[in-house]
Amino acid sequence: MTEEIFPFAGQVIYLKRKRIKNMYLRVQKPAGRIEVTAPLRMKRERITDFLRQHWQWVEKKQQAIWEKAEQKKLTRQYQTGDKVPLWGVYYDLVVRDSASRRASVVCKDSRIILTVPAYATVEQRREIVNGLYRRQLEQAIPKLLPRCEAVVGKKAAECRIRNMKTRWGTCNILKARVWLNLQLAKYKPEALEYVMLHELTHLWVHNHGPAFKARMDKVCPDWRRIRQELNQLADFA
């Protein structure tokens with residue numbers, strides 16, 4: 001099997017070539033990634049023609065995925081009684097009024113306590129909870145990164161946190177800079193470790209081809225299961 005990417009209609013197509021007779025098209029969660037599986041010797045022109053014929057379906061499928069994600073974002077109002085995830089555990093959210101303009105959020109026992117002014121919007125409350133996620137990652141990364149670097153055999157020049165909408169992590173190969181999604185603090189610690197190993201492995205192999213997967217099999221044997229579970233639970237809001 002071989003893997004490659006190419007641009008089409010302003011998007012990135014992930015192409016896998018296998019020993020098969022027919023072509024298959026998928027739009028994958030959580031970000032609407034477009035994947036094509038085609039026979040090994042099929043010409044690119046036939047693949048792009050296939051995409052052109054089914055592009056309306058692709059756009060509808062992507063729109064449905066994005067609308068569902070947006071709906072999930074809107075359903076969490078950050079009010080008392082909501083469930084807020086942290087490291088794979090759902091905590092009861094307790095919202096308290098702040099007597100001043102200051103806001104804070106702490107995790108205590110089985111609760112996450114959010115203290116905000118009464119006029120704080122849902123988006124503002126979300127950003128304050130994101131601050132909790134950032135602090136949690138800032139504590140977790142320095143402990144985990146050296147272990148992952150030792151396993152992979154490559155070191156990151158720096159590891160930063162970013163609130164990304166479609167990716168769990170990225171790696172700047174030239175600068176050896178790893179970015180991790182702020183939202184990873186919602187999930188089990190193994191998810192953070194998997195993404196960190198994934199991005200560090202890109203310092204050896206720049207694509208997601210067989211060589212990359214072979215290295216991932218060595219450094220994180222269970223990575224396919226973790227990736228599948230993470231994508232099924234994906235909540236970028």
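Predicted model: local features only at pLDDT ≥ 70, side-chain atom pairs only at ≥ 80, totals over all residues.

Does Gln 183 count as buried or exposed?

Gln 183 counts as buried, because its relative accessibility is 0%. The cut-off for buried is under 20%. Gln 183 is placed in a loop, the one between S11 and H3. Trp 87 lies 96 residues away along the chain, yet the C-alpha atoms of Gln 183 and Trp 87 are separated by 10.0 Å.

Now take the strand on one side of that loop. Strand S11 covers residues 177-181. It belongs to an open sheet of 3 strands. The order is S9-S11-S10, and the pairing is mixed. The edges are strand S9 (158-162) and strand S10 (169-172), each of which pairs on one side only. On average, neighbouring strands in this sheet are turned by 20 degrees against each other, direction ignored.

Look at S10 and S11 together. These two strands run antiparallel and are joined by 4 bridges. For Cys 171, the bridge partner in S11 is Val 178. A helix also packs on this sheet: H2, residues 122-152. Helix H2 touches S9 and S11. The direction of H2 makes about 155 degrees with that of S9.

Helix H3 spans residues 189-201. H3 lies across S10 and S11. With S11, H3 makes an angle of about 150 degrees.

Two packed helices are described by the angle between their axes and the distance between the axes. For H3 and helix H5 (residues 223-233), the axes come within 10 Å. They cross at roughly 115 degrees. The crossing of H3 past H5 is left-handed. On the H3 side, the contact is made by Glu 190, Ala 191, Tyr 194 and Val 195. On the H5 side, it is made by Trp 223, Arg 225, Ile 226, Arg 227, Glu 229 and Leu 230. Sorted by class, this contact has 6 nonpolar residues, 4 charged ones and no polar ones.

Ala 9 sits in the loop between strand S1 (2-8) and strand S2 (11-18). Ala 9 is exposed, because its relative accessible area is 54% and the cut-off for exposed is over 50%. Its phi is positive, about 50 degrees, although Ala 9 is not a glycine. Asp 109 is found in the loop between strand S7 (104-108) and strand S8 (111-116). Asp 109 is exposed too, with a relative accessible area of 69%. Its phi is also positive, near 55 degrees, in a residue other than glycine.

Finally, step back to the whole chain. It has 5 helices and 11 strands. Its C-alpha trace spans about 70 × 45 × 30 Å along the principal axes. The chain has 237 residues, and 44% of them count as buried. Among contacts with a separation of 6 or more, 46% come from residues 24 or more positions apart. The chain exposes about 13900 Å², and carbon and sulfur atoms supply 51% of that area.

Conventions: Residues numbered from 1 in each chain as written. Heavy atoms only, no water. Axes fitted to C-alpha atoms, helices over the stretch in contact; angles between N-to-C directions. Left-handed = near helix turned anticlockwise from the far one by under 90°. Contact = heavy atoms within 4.5 Å. Nonpolar A, V, L, I, M, F, W, Y, C, P; charged D, E, K, R; others polar. Pairing = 2+ DSSP bridges. Buried < 20%, exposed > 50% of the residue type's maximum accessible area, 1.4 Å probe, protein only. Areas by Shrake-Rupley, 256 points an atom, 1.4 Å probe, with all protein chains shown as cover.
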